[in-house]
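Let's take a walk through a protein together, one part at a time. Have a look at the picture first, and then read on.

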Amino acid sequence: MDNYIVSARKYRPSTFRSVVGQKALTTTLKNAIQSNKLAHAYLFCGPRGVGKTSCARIFAKTINCLHPTADGEACNECESCRAFNEQRSYNIHELDAASNNSVDDIRTLIDQVRIPPPIGKYKVFIIDEVHMLTTAAFNAFLKTLEEPPRHALFILATTEKHKVLPTILSRCQIYDFSRISIADMVEHLAYVSRQEGVEAEPEALNVIAQKADGGMRDALSIFDQVVSFTNGHITYQAVIDNLNVLDYEYYFRLTEAILSGNVRSSLLILNEILGKGFDGQNIITGLAGHFRDLLVCRDESTLVLFEVGASIRERYKEMAKRCPDRLLFKAIELANSCDLNYRVSRNKRLLLELTLIQLCQLAQGEGGEDKKKGLIEPLAEGKPASRPTGESQPRTIQSSRPERSVGAPQVISTHIPASAPVPPSPRPEERVAPKKNRLMGISIKEIGKEKPQEQPQAAQGTTVASDMATPFDEAALIREWDNYAASLDKQVYLKNTMINCKPVLQENAYFEVAVYNPGQQEELANQAIHILPFLRQRLKNSHIQMRVRIVETNEKHLAYTSTEKLDLLMRINPTLGRLRDEFNLTLD
């Protein structure tokens, strides 16, 4: 049986013309050969599998060709070309720096540099993965690289240019190889398929090219793998099954569910994908890429950024017409945030499901049509879920929170307009003994339903007339303040704050509360929407407003030195001072 040669070796480029995706670099090298303007050192850098070593070999063969062609290619007929093709040429030496990276290896190479070539003009030294050389080896190589013999030429190749010493970079002409485009890879794979007698669908080759991530060697290796799997009949379905690639169809189904706002359908599709063994992060990154592809398909000018097969391209263009730009922008942002948080999340599946729910709510916000069965309605931020019957306008809270500076009191002035309807405040006896385990908050099931009129005042939406201005004193204010605090059972932090921080009456029905930390300040500011209506109702004054500030004495002085500690103890217990004086005690 004949020895099998993999496609990556069998179809390795042997001429500049056969190099895929590096036309600018190959043209530059050919022109340099034709004009006889060769540098003594070259550095080829770029990703894996893009043709760095292949171009180095072609370049070495061409400059030693005895009869080059008119377009700058090697003739493949002279003795030098035949020796190179048969791998017996003494003009070309390859060194793998990954395994030969010591000073001794470089010294051996330098000894070989002194020997002139037996045939041809140049002796070419190709050093692959040159970034693996040690610092000492680099330094030993510097002088020879800078001033080699006239017959010596060096070609260095690396995938990590940033690891090469600057002194090496300054002595070389640098050629940056780019990733091979998907279109070029598909074209080359189609050529290989024809040469091998393999039937291949364009969409299947496109998936292989995308999986290769810009490397032709990887693409040919994947091609051989799929050929073995399909026995010479490469189809799109066979490729995604063999390579474990998520089908476009799932992304289109998810997009349909998101556009219709169907949360449950999207969760079922996610469950189906996870059941096939796909990783959650691959799902969300693929979905982000899918939204990106839809975005570039919305405009003919950006369509060049979209690289897929013709049949799928048309489907993307049709789907893109139904997706507004604003929705796609937000969808990409949500998917990207999910991708960033995926690794640190403890419940990864819940994170994916939450992202899908948010995506479905985006579509609901765009559409504005009647909500369909099976959809979860998003609640707008700042909008109350339900409002008592008597309310016609929403409540507003205006808070001014200046930047905190060290040593300065922090003041928050919380205003609830007196003319605005005041929400009914629960009575203290109701808070102490709730009926039927009633929780604080609003149930989703209660949204849109009228609540039973248990209390006439609550059902009427108790309001305080804007002209009520009954005078009150500080004692009455503190009494009602304590009554509200006593009615709090579950809000322990708020209750303790109100017990420890008493209001101080000021002018024009304003009162001030001095707190000791920003947490207490924020708690009172957030609960002012419930505290102020209670006080207005009990004190019969609709103009009551509250200010909250952080007292300056909150900055506690800590005793660090021995003298400070002694002074602190003497203030606590004066007997220590007399003891010190009687016995003439001193601090060391």
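Before we start, one term: a pocket is an open set of grid points with protein on both sides within 12 Å along at least five of seven lines, and its lining residues have an atom within 4 Å of a point. Keep in mind, too, that this is a predicted model.

Rolling a probe the size of a water molecule over the atoms shows where empty space is left. In this model, the second largest pocket holds about 770 Å³ of space. It is lined by 27 residues, and those closest to its centre are Q210, V245, Y248, Y251 and G286.

Which helix gives the largest share of this lining? That is α14, with 8 residues. Helices α9 (202–212), α11 (236–243), α12 (248–260) and α14 (280–296) each contribute at least two residues to the lining. Sorted by class, the lining has 14 nonpolar, 8 polar and 5 charged residues.

Next, find the strands. An open sheet is built from 5 strands, in the order β2-β3-β4-β1-β5, with parallel pairing. At the edges sit β2 (92–96) and β5 (173–176), each pairing on one side only. From one strand to the next, the twist averages 20°.

Let's zoom in on one pair. Strand β3 (residues 123–128) runs parallel to strand β4 (residues 152–158), and 6 bridges join them. For I127, the bridge partner in β4 is L156. Helix α6 (residues 135–146) packs on the sheet, where it touches β1 (41–45), β3 and β4. The direction of α6 makes about 130° with that of β4.

Note on methods. Residues are numbered from 1 along each chain as its sequence is written. This is a predicted model: local features need pLDDT of at least 70, side-chain atom pairs count only at pLDDT 80 or more; totals for chains, interfaces and linings use all residues. Side-chain values use heavy atoms; hydrogens and water are left out. Two strands pair if DSSP finds at least two bridges between them. Helices (H or I, at least four residues) and strands (E, at least two) are DSSP runs, numbered from the N terminus. Axes are lines fitted to C-alpha atoms, for helices over the stretch in contact, and angles run from 0 to 180 degrees between N-to-C directions. Contact means heavy atoms within 4.5 Å. On a 1 Å grid over the protein atoms alone, a cavity is a set of points where a 1.4 Å probe fits but cannot get out, and a pocket is an open set with protein on both sides within 12 Å along at least five of seven lines; lining residues have an atom within 4 Å of a point. Grid points are joined across faces, edges and corners, and a volume is the space filled by probe spheres set on the points. Ala, Val, Leu, Ile, Met, Phe, Trp, Tyr, Cys and Pro count as nonpolar, Asp, Glu, Lys and Arg as charged, and the others, Gly among them, as polar.
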